[in-house]
Amino acid sequence: MNRFALPVALFAALVVVLAIGIKHSPQKGMIVSPLIGKPAPQFSLPSLGDPAHAVTSADLKGRWYLLNVWGTWCVECRAEHQMLIEARDTHAVPLIGLDWKDDDARAHEWLAQLGNPYETVAIDHSGSTAVDFGVYGAPETFLINAQGIVVYKYVGPLTRDVWTQEILPRLPAHAAGKS
Amino acid sequence: MLPELGQFALILALLLAGMQAFFGIAGPMLGRDRWLAAVTPAVAGQAVMVATAVGCLIASFVSNDFSVSYVAENSNSALPLFYRVAALWGAHEGSLLLWILLLAAWTVAVALGSARLPPRFAARVLGVLGVVSFGFLLFTLATSNPFVRLDPPMPDGRDLNPILQDPALAIHPPILYTGYVGFAVAFAFACAAMLEGRLDATWARWTRPWTTAAWAFLTCGIALGSFWAYYELGWGGFWFWDPVENASFMPWLVGTALVHSLAVTEKRGLFKSWTLLLAILTFSLSMLGTFLVRSGVLVSVHSFAADPARGIFILAFLIVMIGGALTLYAWRAPLLKSSAGFELGARESFLLFNNVLLIIAATTVFAGTMAPLIADALRLGTVSVGPPYFNPTFLLSMLPLLALLSVGIHSNWKRGRLKDSQRLLLISFVAAAVLGSALVYGVYTNGHVLTPVGALLGVWIILSSLAEPLQRWRRRVRVPRGMLGMTIAHSGLGVLVLALTTVQSFTIEHDVAMAQGATTTAGAYAFRFDGVQDVEGPNYDGVGATITVTRGGALVAVLKPQKRQYWVQHQLTTETAIHMDHGNNILVALGEDLGAGRWSLRVQIRPLVSFIWLAALIMAIGGAVAASDRRYRGAKLTEATVPAGTEGSAA
């Protein structure tokens, strides 16, 4: 091999490394969260439907649920909304919404217009609960088990692939019921 | 309607770019000279179409059309008009469009300036530029279309990222990209020369002004980015060695090597294959930089997964462009013989050292930038590379480079003896040592070990670069623009070295907690905290502090740093307050509310820090002056027939 071919050989090596990077990269959109395997942060937030009523992590304990962080200001949330409705209709696991730094009136309008996939929506005006959960940006989805442990986290709009390949297989058979 | 028109224009631009590439490259290859006539119209048509597309997207931004996804994600009805236009390059899709627009502009400039080039060679250059443009247009249309509609439309947009809402950053990407894209011209000249299998001094003369101009833009772009980081990020640093900065710095280092290597190729007919390789590398790093900065694809291999289509397309595109050019290089470069030799101590040898050291510097930066990505890709765990790696390794190659620059500038082409300039060399060195020590021990005190070294090198570079123009001026010999530009650029480098040395050695930095009415001191200055009040802007609100700065009891300035909360994205930004006083940069950033009226404040005195950006500007001006040398424009067609290697001594 002549020395003039050396650059192209080095470049080929770099390409191979990057290609391995693409192939081996972890599940789509998954950012490893330090919370996985640990108890979900405690929270007590007003409910969107009934502000006098509180949605608390303590009340949710005892059954599996999917915590979906969203906001009407978030474009990708609109993109995933249809998928959330489909997820609700499978009755595989209840969806709890965390309406992050949002306007209540707009949130009501959004759910009325696009349909409400959530069993309950907690309002996080200050964003402090989202901070506790280590939310980078909406939408983010956390799968939490009956013991209140975070099992899985997904960043970005939920897709059918993620739903069928990541979330459904992690659920126990009885997750939909109230243990 | 406008977004659809824009998309249609982009598709037409893609087809025209394909035409430009095909006729430009296949025409000369197959000897079909009639095909060459199609190249220039394709260039013009493509430029019009790309401009139309950009115009459509800007119109969507200006008219707040939130049915366009890209507009909805990067603008807001409360956003001021200026930023609504600048939001065009606020994210990935629009940045690509800006890239394509600038490439079209450079291509039109090359087409206009190529009237004196042999028609086949000009067609090849434009053809290669067509390939680049085709690739970027295809990438945009296939994976990053900025004209995608939302249904139903958003009631209002998500707003432009607040940290981008700043005048310096709004104009930073266009200038930086002009530099990046400009290196496409050098790349195209290199590929055209390889396709022809011929490279001579005339080729270097054609290539030089384009390369130098691109280099000047890139210099300005990097300086603007650094300036922005200095006052907007609130930490008071001007360079953080983060991947985004490195992405623009690597093509600059290799581009600088290219500028110097081209000089040798032109004057002496040497370094031919090396120059070609540098031209390919510079543009490859520019492309890498484009993807690093905006798409985030290479920041972490994980982002590949966020949009696999995008990641795979980029990889395929890089394989075609860079891999193709390097293969062409492996095949054609052995044909290019450098006939003449040179002695150690001749200017060529110093420029060789210059190239080697710049490439070592670029390699260390590349290694540090890519190591975390490669470790990540190969699952070797998380690696974090920061200033403790970059600072010493970079200095290791830069210090010899700066010292050799001062010596090398006194050397002659071809002949190795420095005897003629020995006296001058000695004078400039002694003068530099005296002035440098005066600066370190007279004006400022408490330096580090490197302080006298930096001061000496900085002054020495300036004095050395001025030596020849001053001699010529005294003997009333004309100073050509090329030499004038070189002198200005090298003096700028000297100023940069001096500024960096002073800033690194004599910065005073305090983080203090202050209640209203309290006073703190930093260096010769006293800072009184006069409390905070609410502020409100068009799309944000926040708090502003008032700090009165005095020196020896006399009022210096009243500084008003702010912390802003942008409404839509709920993002906090720090607006540092900066004041210049006797070359000292006084910087105050507002920190956290500690309760009970107490706030944390960051107070910094950075001597000569503004000279860092001034120096970059001087360097860029030097580049512009050199690029405008009449010699480059006067390159006549007939000279192309001069065989390689014989014209060296004449220049």
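Predicted model: local features only at pLDDT ≥ 70, side-chain atom pairs only at ≥ 80, totals over all residues.
Colleague: What makes chain B as compact as a globular protein of its length?

Modeller: Its radius of gyration is 26 Å, close to the 26 Å that the globule rule gives for 651 residues, so chain B is as compact as a globular protein of that length. The C-alpha atoms fill a box of roughly 80 × 75 × 50 Å along the principal axes, and the chain has 19 helices and 10 strands.

Colleague: Thanks! Why are α14(B) and α16(B) called roughly parallel?

Modeller: Helix α14(B), residues 387-408, and helix α16(B), residues 450-474, pack at an angle of about 30 degrees. Angles under 35 degrees count as roughly parallel, so α14(B) is roughly parallel to α16(B). Their axes are 9 Å apart, and the crossing is left-handed.

Colleague: Which residues make that contact?

Modeller: From α14(B) come Leu402(B), Ala403(B), Leu405(B) and Ser406(B). On the side of α16(B) you will find Leu457(B), Trp460(B), Ile461(B) and Ser464(B).

Colleague: Now α1(B) and α6(B): at what angle do their axes cross?

Modeller: The axes of α1(B), residues 2-30, and α6(B) cross at roughly 150 degrees. By class, their contact has 16 nonpolar, 8 polar and 2 charged residues.

Colleague: How is chain B divided into domains?

Modeller: Domain 1 covers 1-163, domain 2 covers 166-417 and domain 3 covers 508-607. The C-alpha centres of domain 1 and domain 2 of chain B lie 25 Å apart, and the contact between them takes 26 residues from each of these domains.

Colleague: Which elements of domain 1 give two or more residues to the side that touches domain 2?

Modeller: They are α4 (81-86), α5 (92-113) and α6 (119-143) of chain B. The largest share, 10 residues, comes from α6(B). That side of domain 1 divides into 20 nonpolar, 5 polar and 1 charged.

Notes. Residues numbered from 1 in each chain as written. Chains lettered and ligands numbered in written order. Domains from an automatic or database assignment. Contact = placed C-beta atoms within 7 Å. Helix = DSSP H or I, 4+ residues; strand = E, 2+ residues; numbered from the N terminus. Nonpolar A, V, L, I, M, F, W, Y, C, P; charged D, E, K, R; others polar. Axes fitted to C-alpha atoms, helices over the stretch in contact; angles between N-to-C directions. Parallel < 35°, antiparallel > 145°, perpendicular 65-115°, else oblique. Left-handed = near helix turned anticlockwise from the far one by under 90°. Rg over C-alpha atoms; globule rule 2.2 N^0.38 Å.
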